[in-house]
Amino acid sequence: MQQDDQFNDDEAGDFGPSRSERRREALEVLDLARRLVEQSEARIAQIPMDEDLRELVLASRRITAQIARKRQIQFLAKHMRREDDEALALIRAALDHDRADHRREAQALHRVEHWRDRLVDEGDAALAELLAGHPTADRQHLRQLARNAHQEKLKNKPPHAYRELFRELRDLLADSPDGD
């Protein structure tokens, strides 16, 4: 009886990660390997990693056959699992930073499209609201572009003013500190 208690006290926390936890970690590294292979060669050159791993990523990119590429990505993940956690964290942080930048750019473009559509559909009411937040904007030019874009839309003409309005709004909203 006393030996059982001693066994429980001494070795209670020495079992290490469970099989499920090791599998989850391996799948996370596999996903990271897939994300790396999807990057452009220029972007891969910017990501902090050792040269052997970089060459392996670039070699994986060159493989185009579906099954062979899948096998190569698994091979890449196997090598990445041998890297220390700090190196993987640096790679993951670099890729996540790219996602955040892309998300911000997409939000900015959606904001510009929203204002463009409002100016074309609502006219002067939307223009007054936009100018309240951006008093330095050229009221007359924006009004003319919005009216021309509205006429193009009604007559099914090519969207020249519509595109020009987008460019003007993109420049205007990019210059503002709050982006709105």
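Predicted model: local features only at pLDDT ≥ 70, side-chain atom pairs only at ≥ 80, totals over all residues.
Numbering starts from 1 along each chain as its sequence is written, and side-chain values use heavy atoms, with hydrogens and water left out.

**Start with the whole chain**

Color by pLDDT, the predictor's confidence in each residue, from 0 to 100. The chain averages 86, and 89% of the residues score at least 70. Select residues 2–10 next: that's helix α1, where confidence is lowest, at a mean of 52. Then jump to residues 66–81, helix α5, where confidence is highest, at 93.

Now switch to cartoon. You'll find nine helices and zero strands; helices (H or I, at least four residues) and strands (E, at least two) are DSSP runs, numbered from the N terminus. Of the 180 residues, 29% are buried, where buried means under 20% relative accessible area, exposed over 50% and partly exposed in between (1.4 Å probe, protein chains only). Among contacts (heavy atoms within 4.5 Å) between residues at least 6 apart in sequence, 56% join residues at least 24 apart.

**Into the core**

Show side chains for L36, I47, M49, L76, M80 and I91. These have the most contacts inside the largest nonpolar core, which has 21 residues. Such a core is a set of buried Ala, Val, Leu, Ile, Met, Phe, Trp, Tyr and Cys residues joined through side-chain atoms within 4.5 Å. Helices α2, α4 (51–62), α5 and α6 each supply at least two of its residues, and α2 gives the most, with six.

Center on L36. Leaving aside neighbours within four places in sequence, L36 is in contact with I44, I47, M49, V57, M80, I91 and L95. Then select L127, A137, L165 and L173, which are among the 19 residues of a second, separate core.

Pick D31 in helix α2. D31 is partly exposed, at 37% relative accessibility. Draw a distance from its C-alpha to that of I73: 9.3 Å, for residues 42 apart along the chain.

Next, pick Q74 in helix α5, also partly exposed, with a relative accessible area of 39%. Its C-alpha lies 9.4 Å from that of V29, although Q74 and V29 are 45 residues apart in sequence.

**The largest pocket**

Which helix gives the largest share of the lining? That's α2, with five residues. Both α2 (19–38) and α6 (85–122) supply at least two. Color by residue type and you get three nonpolar, no polar and seven charged. Nonpolar covers Ala, Val, Leu, Ile, Met, Phe, Trp, Tyr, Cys and Pro; charged covers Asp, Glu, Lys and Arg; the others, Gly among them, are polar.

**Last stop: N156**

Finish in the loop between α8 (139–155) and α9 (160–175), where N156 lies. Check its phi: near 55°, a positive value in a residue other than glycine. N156 is exposed, with a relative accessible area of 70%.
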